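Here is a short briefing on one protein model. Look at the sequence and the structure first, then read the points by topic.

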Amino acid sequence: MFLLLFTFLLNLHAEVQPIKEVFEPKGNFSSEEYVKVAVVQTSPGVSPVPATKAQAERTKATNRSQLEEWVRQAVKNGAEYVVTPEFGVIGYPDIPELSSEDDNYRSREDVEPYVETIPGPTTKYFGKIAKELNTYIQFGLAEVDSKTNKYYNVAVVVAPSGEVVAKHRKINLFEIENNFLSAGTDGVTFDSIIGKVGLIICSDVYDSDVLSAYKRNGVEVLALSTSWAQYNTGMNYFKRAAQVVSGYLLAANQTYFPDSGVIKPDGTTQSHIRQTEGIAYGYLPRKK
């Protein structure tokens with residue numbers, strides 16, 4: 001009986017529990033006073049491992065194109081800052097012997113065909129779109145440092161000018177990521193139309209040192225690209241991070257154990273989606 005109960009609770013824990021989703025907050029938000037932001041909840045296609053360079057490039061091209069569609073939809077709906085998920089450009093492999101939430105690259109050889117420099121082809125691709133649409137775009141990929149040959153999990157932001165304005169290397173690597181990635185050392189901030197933005201990637205969100213540093217640096221917005229894969233939901237961690245920094249948090253997640261949305265500094269949500277692949281919106285004070 002105990003075993004059956006334990007199995008039931010484990011399965012219940014593992015399933016994504018539906019919520020009443022809020023895609024956009026109600027109210028009147030003047031564009032003169034507020035910036036509409038968007039977080040995209042989506043997952044890229046399966047990435048082949050092992051892969052040739054040509055296979056990896058085709059995979060990234062497909063994923064970039066799919067992300068572009070989401071960005072264009074968000075901007076059509078008024079968004080001026082769009083956040084997309086962690087590793088959205090390179091995706092993740094499907095390892096048959098592992099559960100979907102545990103699928104990951106397992107060695108440098110696995111991820112090697114997918115890495116690229118920054119600036120590079122992906123920053124050029126999204127930079128052109130950002131300039132065309134006059135928006136900020138945040139996206140995730142795997143970087144190779146041309147000087148050290150180290151690999152990093154990065155979130156990059158291109159501005160409406162088309163230029164790269166921020167690049168954050170994930171600091172708090174999760175489980176086996178240490179097998180194929182190096183950790184970043186410092187958080188990254190930049191000034192924007194929504195204030196001083198600090199970038200974070202997935203498990204950085206519960207790293208007290210990262211959050212405390214951003215708090216000291218006066219960050220007003222945490223922009224989170226994530227691929228949450230544990231504990232059904234990361235929303236409680238996202239809310240806590242917003243409260244710690246006393247700033248807004250924009251969470252763009254993949255769809256393993258999804259939760260995306262825009263969270264206010266007090267930990268309450270403007271928007272929150274879970275079971276739907278799509279876009280959630282929010283409104284942040286516009287900085288003059």
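The model is predicted: local features need pLDDT of at least 70, side-chain atom pairs count only at pLDDT 80 or more, and totals for chains, interfaces and linings use all residues. Residues are numbered from 1 along each chain as its sequence is written, and side-chain values use heavy atoms, with hydrogens and water left out.

**Overall build**

- The protein has 6 helices and 12 strands; these are DSSP runs numbered from the N terminus, with helices (H or I) of at least four residues and strands (E) of at least two.
- The radius of gyration is 18 Å, close to the 19 Å that the globule rule gives for 288 residues, so the protein is as compact as a globular protein of that length.
- That radius is taken over C-alpha atoms, and the globule rule is 2.2 Å times the number of residues to the power 0.38.
- The C-alpha trace spans about 55 × 55 × 35 Å along its principal axes.
- Buried residues make up 53% of the 288 residues; buried means under 20% relative accessible area, exposed over 50%, and partly exposed in between (1.4 Å probe, protein chains only).
- Among contacts between residues at least 6 apart in sequence, 69% join residues at least 24 apart; a contact means heavy atoms within 4.5 Å.

**Around E68**

- E68 sits in helix α2, which covers residues 53-76.
- With a relative accessible area of 17%, E68 is buried.
- Leaving aside its neighbours within four places in sequence, E68 is in contact with Y125, F126 and I129.

**The six-stranded sheet**

- An open sheet of 6 strands runs in the order β6-β7-β8-β9-β10-β11, with mixed pairing.
- β6 (188-192) and β11 (269-273) stand at the edges, each with a single partner strand, so one side of each has no neighbour in the sheet.
- Neighbouring strands of this sheet are turned by 15° against each other on average, direction ignored.
- Two strands pair if DSSP finds at least two bridges between them.
- β6 and β7 run antiparallel and are joined by 5 bridges.
- F190 stands opposite V197 in β7.
- A hairpin of 2 residues links β6 to β7.
- From β7 the chain crosses through α5 to β8, and this β-α-β crossover is right-handed.
- Right-handed means that, with the strands pointing away from the viewer, the path from the first strand over the helix to the second runs clockwise.
- β7 (residues 195-201) and β8 (residues 221-226) run parallel, with 5 bridges between them.
- I201 stands opposite S225 in β8, and the bridge partner of G198 in β8 is L222.
- In β7, 6 of the 7 residues are buried, so this strand is largely enclosed by the rest of the structure.

**Helices across the sheet**

- Helix α5 (residues 208-216) lies across β6, β7 and β8, and runs at about 170° to β7.
- Helix α6 (residues 235-245) lies across β8, β9 (248-253), β10 (260-263) and β11, and runs at about 25° to β10.
- Axes here are lines fitted to C-alpha atoms, for helices over the stretch in contact, and angles run from 0 to 180 degrees between N-to-C directions.

**Backbone exceptions**

- Most residues other than glycine have a negative phi, and most peptide bonds are trans.
- The peptide bond from V49 to P50 is cis, with omega near -5°; P50 is in the loop between β1 (34-41) and α2.
- I118 and P119 are also joined by a cis peptide bond, with omega about 0°; P119 lies in the loop between α3 (108-111) and α4 (121-133).
- E175 is not a glycine, yet has a positive phi of about 50°.
- E175 is in the loop between β5 (164-169) and β6, and is exposed, with a relative accessible area of 52%.
- C202 is not a glycine either, and has a positive phi of about 45°.
- C202 lies in the loop between β7 and α5, and counts as buried at 8% relative accessibility.
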